[in-house]
Amino acid sequence: MYSKRIENSFQFNKDQINNNIIKYSCNCGKSYHVSELYYCSGCLKTNCKFCITEEIDCFYCPNCLENVSSVEASLNGNRCKKCFDCPICFNILTYSASTNVSTGNETFFLNCAFCKWNSINSGEKEFRFDSHSIKNSKESTESQLQFNKVLEVVNKESIELTSLKDKKTLTRIKIAQAMKQFLGQQSKHQKYNQRKNFLKPDENQRWIQSSTPQPLPDNQLIPKSLSTTTTQSSASSLLLTNQMIKKSIQSQPITTQDIDDMQQKRIDSRVFKKVVNGDNNSSSDDNGYDDHDDHCEQYDDDIDLEEINEIKDSDEISNLMQRYHQVSNQCKELKGLIPQHRQLLTRRSKRCKRCDRLLVKPDINPGKIDFKRSHFAYTYIPRVTISKIQWIDQDLFQVFLTFTNPLHSYIFMSFPMEIKGSMVSLDDNSQLVDLYTNETFISGLLDEIDDNEKEVIIDQLKTLEEQNKRYFTNGGSGVNYRNGNKLTLGFIGKVGVEDALFSNNNNNTDEVTHLIIHLPDQLSLNNINDNDVDPPKFKSKFTSIKFTVVVEFSLKSTTTTNNTSGTNTSSSELGSSGTISESNSSQKTLLKILFDVPSDKFSNTEL
Amino acid sequence: MQVQPKYFEKSQYIETLNGNKVSKSSILCGIMNIRLHGKTIIKPGVIVRGDLASVNIGRLSIISENTVIRPSSKKFKGSLVYFPQNIGDHVLIGEGCVVSAASIGSNVYIGNNCIISKRCILKDCCIIADNTILPPDTVVPPFTYYSGTPGIYKEDLPDCIEQFQKEYTTSLYESFLPNTPASKGISTPTKSPTAASAT
């Protein structure tokens, strides 16, 4: 499968230019910076954010850092009871008291330390936590009440459904759970089923990189149960029974015509209607639309157009963000904005989608940063950095890669000549042409060899290393190429990709052989020596050079004592030796590392 | 890309036994109250107000050019009381910041030109983006990314940020190298060259 470069999902990684240069491909073909990946030790593969399932472990308030139980969180709409956001600047409000000097009474109010908003100036006499105004405002609007009712029904139903297990109910469970997921947070005992039955949620919705629950959707397709069902008393409290589904389909089937209509209405709604006082019919005739206009009247903006005209100072109007923060009333004036409870954040544990193994389990104490389980790719797979990259000829470059072993033990790695899948990525414009073909090793953090066999193998690899000195170099920087748990290798790459690499790969399961062009030895030797003189400059064909390196690593060496493995010629030999190579290969992890080096990072690009 | 080595003029820096590198053109007020726990880099133009209250800076922290570290204060019964300021390990503070937080945890990244106002509490493993202004009394929880004016929660951080930040600050420290074995003639004692900042 081809790998693709994807924009890093975390703002933090987007900001740092460095973090966009080297990306690791996940098994699914998407590639991200190594800090965004996980490593599943069960399937020995990396997991990107699309290859994990998440569960919410706990809710906490980002301001008071207090744990909130999931019941309490859903009761309060995933908001903290005690902390308030400033309606103007969204900063946290402080609860302060002022004493009246003459009477000695204390007045409590909320105060924003940033924009100097406070609850007294905004009209409220006093602010107390038991104040009724806050309680009442919570579920005041019609839509919210209705929404809560639907949520309740769906919740109830899905709990009932989980006890049944035949084929028909299974689809209903899925629908119910999809609905629940869409509408709000799942309760705790539902998590397991949710994971099992509902592995593929709407990815766009789920993976937005923030742990605040999504804003509540205002969707026509959410069953508007209560208006239709309340007439039929208790039996009809089930939304998703077969009869109900049939009925709703029969009574209001959604056709393509409906969808077209909806889109048309959306387009129409962008045109401002003339404000016609009183007579609704004439306006609806003019625009040529029907049913909904009867009760959907004019737009809010039109109604208080007069009012808005009165406003002298544009600073008095709330902006979009401020309105979004109070979905219930969406006040258009700053004066009407009221403080909102702060949204809770979550701690989430993550599981591998392939084998359901637990990858990450955070501590539930929101102040702590420990993990009960932490299978980050960052701490499990060899990390790569470019220590130096330079042109050695037109369209030929030498790149020095530093591999860091994050583990305690030795790891063995090789650059396979042929793999299942592709050696290149979709948008590559260059490839490495001169790779070290033997296996090599990196010592771990502890730097000790635990058994004799390993020692023998490492000695063998070291002698091989001596024969292939040109790869083991640090670009003349004076530092040894082996330095603690780091190893620097120098490879030569060429701009332009062999067509064969792309055309071969029509079938994903095809084995693709990587083409290697060995460079004349004088050339590579020459350029190692001329480091001290001013190197010649070269123009780059592309603004950024993109190439892919495939690395296989494992904790056990594949080198056998007969000293021949790894090279192209002996690959058949290895295969014939049967079980050993097979068991070894299953231990290996294949990494595709995608490079995207801007040409100004080359030490001798002519600009 | 690997962090490229950055060379400094050896005569311009004081190196202490536990690896602190303090620029001579930085201003450390009240040096008795400033405690550097080792392998800390303080770049030129930094002002640390140790005269107000004690300042603790953890291991492998880097404070970049022209940043002001100033303990926070609160009014108590009419007089200003200054709190001691703690900065954890592996903290990177960018250029041109004003930091008067009450405490900063470990593995924190603060971008350039930030203002961390009085009595802010930055927990471990958080990131403040460039040009952020954190209002007074803000609490930044772990694994969050704050940015904007005022700084508000934007998104979560990758889970491995702790390891990432450790690696990053370590590599920055290791690539901050003295220029050449400088002429060991006369060291110019411009600003209190006694390594009292070291412990």
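Which residues have the most contacts inside the largest nonpolar core? The legends below begin with that core and then turn to other parts of this predicted model.

**View 1. The largest nonpolar core.** This core has 131 residues, and those with the most contacts inside it are A:Tyr38, A:Ala377, A:Ile593, B:Ile110, B:Ile116 and B:Tyr146. Strand β24 of chain A, residues 544–554, supplies the largest share of the core, 6 residues. The core lies between domain 1 (1–56 + 347–379) and domain 2 (383–551) of chain A, because both domains give residues to it.

**View 2. The surroundings of A:Tyr38.** A:Tyr38 is among the residues with the most contacts inside the largest nonpolar core. When residues up to four places away in sequence are not counted, A:Tyr38 touches A:Thr46, A:Asn47, A:Ile52, A:Lys350, A:Leu359, A:Val360, A:His375, A:Phe376 and A:Ala377. Two of these neighbours, A:Lys350 and A:Val360, are also bridge partners of each other, with A:Val360 in strand β13 of chain A.

**View 3. An open sheet in chain A.** Here 5 strands form an open, antiparallel sheet in the order β7-β6-β12-β13-β14. Strands β7 (67–68) and β14 (371–374) of chain A are the edge strands, each pairing on one side only. Within the sheet, strand β12 (residues 345–352) and strand β13 (residues 358–362) of chain A are joined over 2 bridges in the antiparallel sense. In general, the strands of a sheet pair through backbone hydrogen bonds, either parallel or antiparallel.

**View 4. The hairpin of β9 and β10 in chain A.** Strand β9 (residues 93–99) and strand β10 (residues 106–112) of chain A pair over 7 bridges, again in the antiparallel sense. One residue of this pairing is A:Ser96, whose bridge partner in β10 is A:Phe109. There are 6 residues between the strands of the hairpin, and A:Gly104 takes a positive phi near 80°.

**View 5. The contact of chain A with chain B.** Chain A gives 35 residues to the contact and chain B gives 29 residues. In chain A, the elements that give two or more residues to the side touching chain B are α1 (11–15) and β15 (383–393). Sorted by class, that side of chain A has 17 nonpolar, 15 polar and 3 charged residues.

**View 6. Chain A as the setting of the close-ups.** Chain A contains 20 helices and 25 strands. Of its 607 residues, 29% are buried. Among contacts in chain A between residues at least 6 apart in sequence, 66% join residues at least 24 apart.

Definitions and conventions. Residues are numbered from 1 along each chain as its sequence is written. Chains are lettered from A and ligands numbered from 1 in the order in which they are written. This is a predicted model: local features need pLDDT of at least 70, side-chain atom pairs count only at pLDDT 80 or more; totals for chains, interfaces and linings use all residues. Two strands pair if DSSP finds at least two bridges between them. Helices (H or I, at least four residues) and strands (E, at least two) are DSSP runs, numbered from the N terminus. Two residues are in contact if their C-beta atoms, placed from the backbone, lie within 7 Å. Ala, Val, Leu, Ile, Met, Phe, Trp, Tyr, Cys and Pro count as nonpolar, Asp, Glu, Lys and Arg as charged, and the others, Gly among them, as polar. A residue is buried if 20 or more other C-beta atoms lie within 10 Å of its own, exposed if 12 or fewer, and partly exposed in between; C-beta atoms are placed from the backbone. A nonpolar core is a set of buried Ala, Val, Leu, Ile, Met, Phe, Trp, Tyr and Cys residues joined through C-beta atoms within 7 Å. Domain bounds come from an automatic or database domain assignment.
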